[in-house]
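Reader: I would like to go through this model one place at a time, with each cut-off stated where it is needed. Where should we begin?

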Amino acid sequence: MGMESKRYDCLVIGAGIAGITAGIYLKRSNLSALVIDKGAPGGKLNNIHRIDNYPGIASIPGPELAMKLLEQATTLGVAFDYGDVMDVRKNEDGLFVTTTDVGTFLSTTVIVASGLSAKKLSIPGEEEFSGRGVSYCATCDGNFFKGLPMAVYGYQDHAVEDAIYLSALASDLYVIAPKPFEATEAHLAELKALNNVHIIEEAKLSAIKGEQKVSSISVSGKEGESEIAVNGVFLLTGEQSSSAYLASMRPESSKGFLKVDRDNQETSIPGLYAAGDVVDKKLRQLVNAGGEGAVAATSAISYIHAHR
Ligand SMILES: Cc1cc2nc3c(=O)[nH]c(=O)nc-3n(C[C@H](O)[C@H](O)[C@H](O)COP(=O)(O)OP(=O)(O)OC[C@H]3O[C@@H](n4cnc5c(N)ncnc54)[C@H](O)[C@@H]3O)c2cc1C
């Protein structure tokens with residue numbers, strides 16, 4: 001006997017700012033929608049120490065904005081569920097069938113708002129010490145290594161911002177940049193002025209070592225291989241699109257980032273929309289992620305009415 005599938009007008013995959021905004025627009029149009037996420041509502045907001053560029057809010061910690069969003073959405077009656085989406089496909093009736101670890105969902109439309117996930121380096125020690133000194137989120141885990149030496153591996157703006165944040169917690173902070181920095185001048189200048197920060201440019205992290213927990217890292221740079229004692233190492237070299245579960249439908253994409261028609265956020269598959277960081281685009285920020293969630297929902301609403 002198979003489990004019965006639940007049916008919705010729209011299934012939103014991901015409860016970050018893009019997915020929650022889509023959920024709000026769908027709810028206000030009186031359609032049945034479900035926002036599903038395998039992690040904490042708010043998505044990447046939970047990784048941001050402080051947001052200073054969101055219109056109308058001078059400055060706010062990311063987790064606080066996540067709470068406000070969730071409160072607003074649940075007050076409106078937006079439905080949320082936990083679940084890891086593993087596959088999405090279209091059946092012969094044109095309905096989307098979404099398979100998750102908590103069951104199967106049928107829907108007229110799907111909004112993909114699953115963002116990015118950390119790129120693994122696949123170096124010795126990374127897997128072994130994951131959660132025991134190896135982290136991909138400074139805001140989440142920085143406090144565990146308070147007063148101890150730490151390292152950041154990365155060169156982009158988010159890594160530099162996170163390094164500034166971690167420097168206040170670390171005894172010493174080693175910033176290892178595999179490529180020339182791609183960060184705003186102001187952030188770089190702030191990082192370079194910090195007393196406990198040691199910047200090692202054009203160097204690769206080659207191994208993470210320890211017994212039960214991380215105790216050192218191996219770095220290979222211009223002057224050869226060196227060993228640095230650290231208790232926490234933050235791997236912030238980049239992220240990839242979280243859209244592997246779309247493999248059986250193969251919407252048009254570039255390196256996993258979904259191509260959309262910018263007027264309505266529709267992918268190459270009718271009824272399948274995408275919003276936020278998962279989209280193939282230049283600027284990945286909160287303000288356009290939310291905006292795209294609203295556009296995707298509005299397009300989905302028209303599609304649902306046309307297919308009734
Ligand atoms: C350190 C850092 C600092 C930043 N600072 C700023 C800033 O100051 N200002 C700014 O505007 N932007 C900032 N950003 C960028 C901003 O966080 C993102 O652009 C935005 O949060 C993206 O939202 P999203 O809804 O597209 O994706 P996300 O917030 O990533 O949400 C995606 C959700 O999908 C879920 N998901 C993924 N795969 C699945 C699956 N298979 N099944 C179920 N659920 C799934 C995830 O669990 C996640 O909750 C920062 C980002 C980082 C990493």
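Author: We begin with burial: a residue is buried under 20% relative accessible area, exposed over 50% and partly exposed in between, with a 1.4 Å probe and protein chains only. The model is predicted, and local features need pLDDT of at least 70, side-chain atom pairs count only at pLDDT 80 or more, while totals for chains, interfaces and linings use all residues. Residues are numbered from 1 along each chain as its sequence is written, and side-chain values use heavy atoms, with hydrogens and water left out.

Reader: What is the relative accessible area of lysine 209, and which residue forms a salt bridge with lysine 209?

Author: With a relative accessible area of 35%, lysine 209 is partly exposed. A salt bridge (a side-chain nitrogen of Lys or Arg within 4 Å of a carboxyl oxygen of Asp or Glu) joins lysine 209 to a partner at 3.2 Å between the closest N and O atoms. The pair links distant parts of the chain, 18 residues apart, with lysine 209 in strand β12 and the partner in strand β14 (residues 224–229). That partner, itself partly exposed at 49%, is glutamate 227.

Reader: Which strand pairs with β14, and over how many bridges?

Author: Strands here are DSSP runs of E with at least two residues, and helices are runs of H or I with at least four residues, numbered from the N terminus. Two strands pair if DSSP finds at least two bridges between them, and serine 220 has glutamate 225 in β14 as its bridge partner. The two strands form a hairpin with two residues between them. The pairing is antiparallel, and the partner of β14 is β13 (residues 214–221), over six bridges.

Reader: How many salt bridges are counted, and which residues are linked in a network?

Author: The count comes to seven salt bridges. In one of them, lysine 281 and glutamate 292 meet at 3.0 Å, N to O; because lysine 281 lies in the loop between β19 and α6 and glutamate 292 in helix α6, the pair ties together parts that are eleven residues apart in sequence. Lysine 281 is buried at 14%, and glutamate 292 is buried at 4%. The network of salt bridges links Arg262, Lys281 and Glu292.

Reader: Where does the salt-bridge partner of lysine 259 lie, and which residue is the partner?

Author: The closest N and O atoms of this salt bridge are 2.9 Å apart. Lysine 259 sits in the loop between β18 and β19, while the partner, 21 residues away, is in the loop between β19 and α6 (286–306). Lysine 259 is partly exposed at 34%, and at 28% the partner is also partly exposed; the partner is aspartate 280.

Reader: Glutamate 202 and glutamine 265 have positive phi although they are not glycines; which of the two is buried, and which partly exposed?

Author: Glutamate 202 has a phi of about 50 degrees and lies in the loop between β11 (197–201) and β12 (204–210). Glutamine 265 has a phi of about 60 degrees and lies in the loop between β18 (257–258) and β19 (272–274). At 48%, the partly exposed residue is glutamate 202; at 2%, the buried residue is glutamine 265.

Reader: Why is α1 called largely enclosed, and how far apart are its end C-alpha atoms?

Author: Nine of the twelve residues of α1 are buried, so the helix is largely enclosed by the rest of the structure. Among the elements that cover these buried residues through contact (heavy atoms within 4.5 Å) are β1 (6–13), α2 (62–76) and α6.

Reader: Which backbone atoms does the side chain of threonine 100 reach?

Author: Threonine 100 lies in strand β5 (residues 96–100) and is buried at 6%. Leaving aside neighbours within four places in sequence, its contacts are Ile36, Asp84, Val85, Met86 and Phe105. The atoms asked for are, at 2.9 Å, the backbone nitrogen of valine 102 and, at 2.8 Å, the backbone oxygen of glycine 103.

Technical notes: Polar contact = N/O pair within 3.5 Å; in protein donor to acceptor, adjacent residues only side chain to side chain.
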